[in-house]
Amino acid sequence: MKRPKALILRGSATNCDIETANAFAYAGACSDLAHINEFLSGKKSVLDYDILAFPGGFSYGDDISAGKIFSVKLEKIAAGLEKFIKDKRPVIGICNGFQIMVKAGLLPQNKGRARTATLFTNDCGHFLAKWIKLKVNTKSPCIFTRGLPSEIELPMAHGEGKFITRDSKTLATILKNNLHVLTYADNPNGSMADIAGICCVCGTVFGLMPHPERNFFSWQHPDRKKVKEALAVGYQFFKNAVEYVR
Amino acid sequence: MELLLSKFSTLNHKQLAALDKKYGWSLNLLELEAAQRYFKKLKREPTRGELETIAQTWSEHCKHKTFSGPVKFRSGRKVKRYKNLFKETIVKATRRLNKQWCLSVFKDNAGVVEFGAGGKWALAFKAETHNHPCALEPYGGAETGVGGVVRDIMGVGLGAKPVLNTDIFCFGRLDSKMKLPKNALGARRIFDGVVEGVRDYGNRMGIPTAAGAVVFDDGYALNPLVFVGCAGIIPRDKIHKKVSPGELIVVIGGSTGRDGIHGATFSSANIAEDTSNSAVQIGHALNEKKALDVLLKARDKNLYSAVTDCGAGGFSSAIGELASECGAIVELEKAELKDTAIEPWEIWVSESQERMVFAVPPKNLKRLAEIADGENCGYCVLGRFTGDNKLRVTFKGESVVALDNAFLHGGIPNYEKNAVFLSPATCNLPPKKIKKPYHQVLKSILSHPNVCSRRSIVSQYDHEVQGGTVVKPFVGPGQNGPSDAAVIWPQAATGDMKDFSGFAAAHGINPAVGRINPYLMALYAADEAVRNLLCVGADITRTALLDNFCAGSPKDPQVMGGLVLAAEGCYAAAMGYGAPFISGKDSFYNQSTDAAGRQYPVPLTLLISAVAPVEDIRKSFSMNLKRPGNPIYLAGTARKGMGGSIYNELYPSGNNALSGLDIKDSFKLYKALLSAMRSGYVMAAHDISDGGFAAAAAEMAFGGDFGADLCPELCFAESGISETELLFGESPSRLLLEVDKKSESDFLSLVSSLQVAKAGYVNNRAELIIINARGKELVKEKNAGLLACWERDLL
Amino acid sequence: MIIEIFTKGKYAKNEEAGFAKKLVLAGLKTNFLKVSKLYLIEGVYSGAEISRLACELLLDPITEDWLLKPRRCVGDNIYRVEIWLKNSVTDVVGQSVKEAVADMGLKGPKRCRFGRCLYVRASSELKLKHAVAKTLMNETVNYCEIIKV
């Protein structure tokens with residue numbers, strides 16, 4: 001079977017790149033871990049790939065605000081990205097990746113990539129890493145979460161994850177179209193409507209704050225019961241993307 | 001002063017001392033005289049840069065001249081002499097144990113041991129302190145401390161990928177009533193700043209900070225101790241470096257500035273009110289991450305033949321070290337500078353952060369430069385290595401330093417230090433009876449700052465980045481159980497998700513014991529570290545240790561006496577557990593002038609860090625109780641003595657005795673338990689330490705959804721032991737184990753000849769009940785109530 | 001020039017409460033506290049370029065606003081406290097901004113520094129200075145300027 005090409009797009013201090021690449025590779029993709037500089041210089045093109053992932057981390061130190069500098073760099077390859085998305089090739093942004101996508105106007109999806117939402121400092125005021133329960137919106141068009149149970153556990157690890165929309169209309173559109181793919185069972189950061197992850201209308205562009213690559217195998221879970229099944233819910237996110245493009 | 005410098009070789013003692021004070025070298029008279037003799041022989045006067053280089057290279061921080069120097073230890077009428085204390089204790093154990101799996105010890109930036117199956121990988125481990133900077137600027141001090149130890153791992157062999165950070169803090173008590181001197185920062189300020197610094201740097205570097213400890217004790221009110229550790233994974237064939245003449249000196253990472261002049265000499269001096277500000281820096285994690293990315297790419301393409309980090313002493317020690325067996329020519333004008341207002345000698349010794357130095361064959365320079373450009377990482381070619389064993393440093397053709405390696409690295413004079421130790425009086429009477437019921441005592445112990453939850457700290461660290469933190473700081477269904485050790489599965493370093501090799505990392509630290517008996521402190525600390533590793537199922541027959549000593553002034557014979565005893569304890573522990581030390585570090589002069597004008601040193605503190613392999617991380621253990629009906633066993637013998645315990649701090653019992661520790665017995669016990677764990681008979685294990693039996697049982701209970709019915713009196717104990725000692729005593733070498741009911745008889749046959757006895761059962765009521773042998777309830781408390789006491793936000 | 005960025009009122013509560021809590025620990029109770037971020041950018045830019053810098057780089061358009069001058073705070077005994085890193089100390093954020101300005105296709109600034117600014121009501125400047133020195137800055141690495149609004 002064909003191994004789809006997954007681009008794991010990194011910048012300086014994108015820290016979750018290797019485990020994300022490992023996750024896509026394990027799920028059957030051919031992972032290419034590449035620096036944004038290679039695309040800015042024209043050496044590589046995003047259109048040569050089937051799947052695009054923005055991994056977590058602290059890109060460019062998260063200086064100014066989380067994901068901001070990376071999103072400014074993305075401007076130069078915006079045309080390629082827009083084509084990639086128009087082709088319905090899957091795009092996932094995890095944690096810092098989600099922050100980058102929101103700050104680049106890729107999510108919430110809108111014409112002209114206007115900024116209609118943000119991810120703001122957690123209500124607690126600082127970085128917070130813990131495992132949380134999430135509700136999966138089974139009515140959502142998201143291709144990454146297909147087949148998941150209605151409640152899952154993933155770890156979160158962020159300082160700026162409070163999802164805020166520009167206005168109530170933006171939020172209403174998200175809720176009406178079931179674009180809120182994941183919501184927190186117990187809101188840890190003050191996000192509007194408990195939102196932990198959103199997607200575009202056709203379900204191929206997806207961003208989320210928690211880390212599916214960190215609950216990929218059962219032994220990554222803090223409650224070390226004897227589990228027969230090696231794979232955990234996080235695997236499904238990556239497998240779904242690979243199967244979608246096959 | 002310039003005048004004095006130009007007549008250096010003819011100065012008298014008083015003038016030498018004045019010069020040293022003025023320039024902040026922290027060189028003693030013997031050393032200054034050795035330098036004088038050297039330049040007399042050369043028939044010329046030194047440059048400022050040369051004396052600065054000597055001061056850096058010979059500093060306590062770089063040379064560890066106290067620990068590796070001669071000591072005369074007097075104990076009663078007996079006198080014992082050491083030529084080199086470090087070599088005759090800690091290093092001696094490693095040499096005698098001669099473990100084949102130790103690949104590189106005590107010579108590189110970190111110790112290196114074998115890792116995983118198949119001989120492809122190795123593990124590097126190192127811990128150091130960053131105490132002085134943290135006292136002045138906690139945030140920046142902690143940041144640059146983390147940055148420094150990470151660079152040690154990046155600079156070991158040809159470079160390892162960091163996969164775990166550890167952090168151990170000793171602070172003054174947050175509720176301290178102590179009056180501080182005008183300029184000192186309070187414990188709260190230091191605590192907040194240090195945690196934020198470790199958080200911001202570690203998180204930005206993408207290294208999980210997943211193991212550590214915090215000790216609150218007013219002995220640290222003026223001098224906090226901040227230990228930072230790092231473990232990395234390196235290909236087995238890349239653990240050695242070799243510089244060849246003709247190779248280029250290439251520096252990558254941050255640029256060089258006036259910040260960080262004199263860090264090494266500063267950390268070898270007492271903190272004074274007028275301490276120079278330039279010794280404190282703010283970290284730049286992004287630059288270090290770029291340097292790490294460049295380094296790993298270049299390493300895997302074999303583009304360089306040696307690397308080391310710029311730490312204390314900056315270029316002078318990094319290049320000096322790499323060139324120590326060949327020589328080098330350095331042209332300082334080629335350095336990337338932060339600002340131009342900098343003297344040439346300052347470029348040479350500046351400790352500006354986030355810089356690595358490579359030895360690069362000229363043909364590889366272009367490819368290295370391409371990688372650096374691709375990662376937006378700065379680099380410069382500073383000169384080349386030679387074969388003439390001379391270190392020549394110039395700035396635009398003018399000589400800054402021209403010294404012989406032999407003198408610089410071998411010329412340091414040393415003198416014998418006196419050591420004595422006067423043991424404090426100990427009392428072994430039964431602990432005083434108190435009115436407070438046991439369940440309330442337990443609750444107050446659980447909420448003691450040295451026992452309570454570290455969640456408010458740990459949750460600020462990205463402790464699961466790299467996706468390999470298998471046993472996390474908090475385990476169990478509600479993540480309420482405090483782990484004994486971290487288990488790391490370095491998939492992000494090996495890139496192999498089908499290789500389940502991992503390792504565990506843990507610590508032992510107990511300054512309260514050290515106040516009574518430094519020898520036992522070392523034994524207890526090593527024992528606790530080994531036991532912690534055992535609790536997660538690590539192969540403790542392959543434990544590797546790190547020692548980190550912190551003390552006051554080595555000029556105080558009592559300080560040196562404690563150090564000698566603790567070092568001897570390290571030797572005994574290493575031999576007993578078959579656990580070699582692979583690297584170590586010491587920090588002296590952790591003392592300040594208090595508000596009343598007296599010298600206030602930290603208590604002698606020894607941190608023992610330990611790593612051991614976990615063959616299959618899928619089979620590692622967590623400490624929370626798993627299934628009602630399972631029996632709970634207590635392994636080891638409860639012994640008399642409340643010395644150094646949390647109980648004694650809260651309710652002084654009059655008894656400050658410490659029980660001895662029979663390492664041979666303990667190790668035999670641990671090995672049997674390990675084989676029971678490997679056979680699948682054990683469901684959970686937890687060590688008994690701070691707070692004793694009752695606290696350990698409570699943690700196992702609220703770590704999960706189940707409770708326990710226990711009777712410690714039915715287990716092995718020294719005869720005549722009191723109820724207080726049984727419940728809250730902290731005698732070492734004990735663990736609690738939940739055994740799978742189905743395998744109980746198999747378990748018992750494995751441990752039949754050992755001191756392992758049933759203490760009770762897991763219950764399904766989420767309630768901890770502890771009774772005595774007559775059936776009287778000593779403790780009866782719901783998990784929720786215990787958890788509520790333990791779950792305190794320290795931050 | 002100094003671009004002052006501040007969080008819009010309805011999103012600023014947590015941050016303000018955090019700063020106020022720290023000041024209380026140092027013995028200063030206040031019923032008025034506002035926080036801004038300061039970006040000192042040295043370079044010659046047109047009005048349109050400055051606006052781009054602020055809106056497309058420094059500002060979060062959903063939660064923040066910007067000014068080229070200090071904010072207007074009405075009331076008695078309000079002080080403006082600027083806290084900067086000393087020039088000799090590495091300014092990580094400043095350096096990042098400097099590079100990001102170039103990423104936007106604008107000419108790179110000569111120098112960038114990042115600072116914080118507080119507007120606080122206090123009974124006396126001395127008391128405020130003491131509280132700030134005890135909690136929000138460290139004279140080893142920072143310097144601050146306090147002026148009455």
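Trainee: In this predicted model, what percentage of the contacts in chain C with a separation of 6 or more comes from residues 24 or more positions apart?
Mentor: The elements of chain C run β-α-β-α-β-β-α-β-α-β from the N terminus on, with four helices and six strands. Among contacts in chain C with a separation of 6 or more, the share from residues 24 or more positions apart is 78%.

Trainee: What radius of gyration does chain C have, and does it agree or disagree with a compact globule?
Mentor: The C-alpha trace of chain C spans about 45 × 35 × 25 Å along its principal axes, and 35% of its 149 residues count as buried. A compact globule of 149 residues would have a radius of gyration near 15 Å, so the value for chain C agrees, at 16 Å.

Trainee: Which element of chain C gives the most to the side that touches chain A?
Mentor: The contact takes 17 residues from chain C and 17 residues from chain A. On the side of chain C, α1 (13-25), α2 (47-58) and α3 (92-103) each supply at least two residues. With six residues, the element that gives the most is α3(C).

Trainee: How do the residues on that side of chain C divide by class?
Mentor: The side in question is the one of chain C that touches chain A, and chain C brings 17 residues to this contact. They divide into 10 nonpolar, four polar and three charged.

Trainee: Which element of chain B gives the most to the side that touches chain A?
Mentor: Here the contact takes 34 residues from chain B and 30 residues from chain A. The elements of chain B that give two or more residues are α10 (187-205), α12 (285-300), β18 (474-475) and α19 (491-494). By class, this side of chain B has 11 nonpolar, 14 polar and nine charged residues. The element that gives the most, with four residues, is α12(B).

Trainee: Which strands stand at the edges of the open sheet of six strands in chain B?
Mentor: The pairing in this sheet is mixed, and the order is β3-β4-β5-β8-β6-β7 (chain B). Each edge strand has a single partner, so one side of each is left without a neighbour in the sheet; these strands are β3 (102-104) and β7 (209-216) of chain B.

Trainee: What angle does the direction of α10(B) make with that of β6(B)?
Mentor: Strand β6 (residues 161-171) of chain B runs antiparallel to β8 (residues 225-235) of chain B, joined by nine bridges; in one of these pairs, B:Thr166 has B:Gly229 as its bridge partner. Helix α10(B) packs on the sheet and touches β6, β7 and β8 of chain B. Its direction makes with that of β6(B) an angle of about 180 degrees.

Trainee: Which residues lie on each face of β12(B), and are they buried or exposed?
Mentor: In a regular strand the side chains alternate between the two faces of the sheet. Strand β12 (residues 355-360) of chain B has six of its six residues buried. One side holds B:Arg355, B:Val357 and B:Ala359, the other B:Met356, B:Phe358 and B:Val360, and all are buried.

Trainee: Which residue stands opposite B:Met356 in β12(B)?
Mentor: Strand β9 (residues 248-253) of chain B is joined to β12(B) by six bridges in an antiparallel arrangement, with B:Val250 opposite B:Phe358. Strand β10 (residues 306-309) of chain B also pairs with β12(B) in the antiparallel sense, over four bridges. The residue opposite B:Met356 is B:Asp309.

Key: Residues numbered from 1 in each chain as written. Chains lettered and ligands numbered in written order. Predicted model: local features only at pLDDT ≥ 70, side-chain atom pairs only at ≥ 80, totals over all residues. Contact = placed C-beta atoms within 7 Å. Nonpolar A, V, L, I, M, F, W, Y, C, P; charged D, E, K, R; others polar. Pairing = 2+ DSSP bridges. Axes fitted to C-alpha atoms, helices over the stretch in contact; angles between N-to-C directions. Rg over C-alpha atoms; globule rule 2.2 N^0.38 Å. Buried ≥ 20, exposed ≤ 12 C-beta atoms within 10 Å, placed from the backbone.
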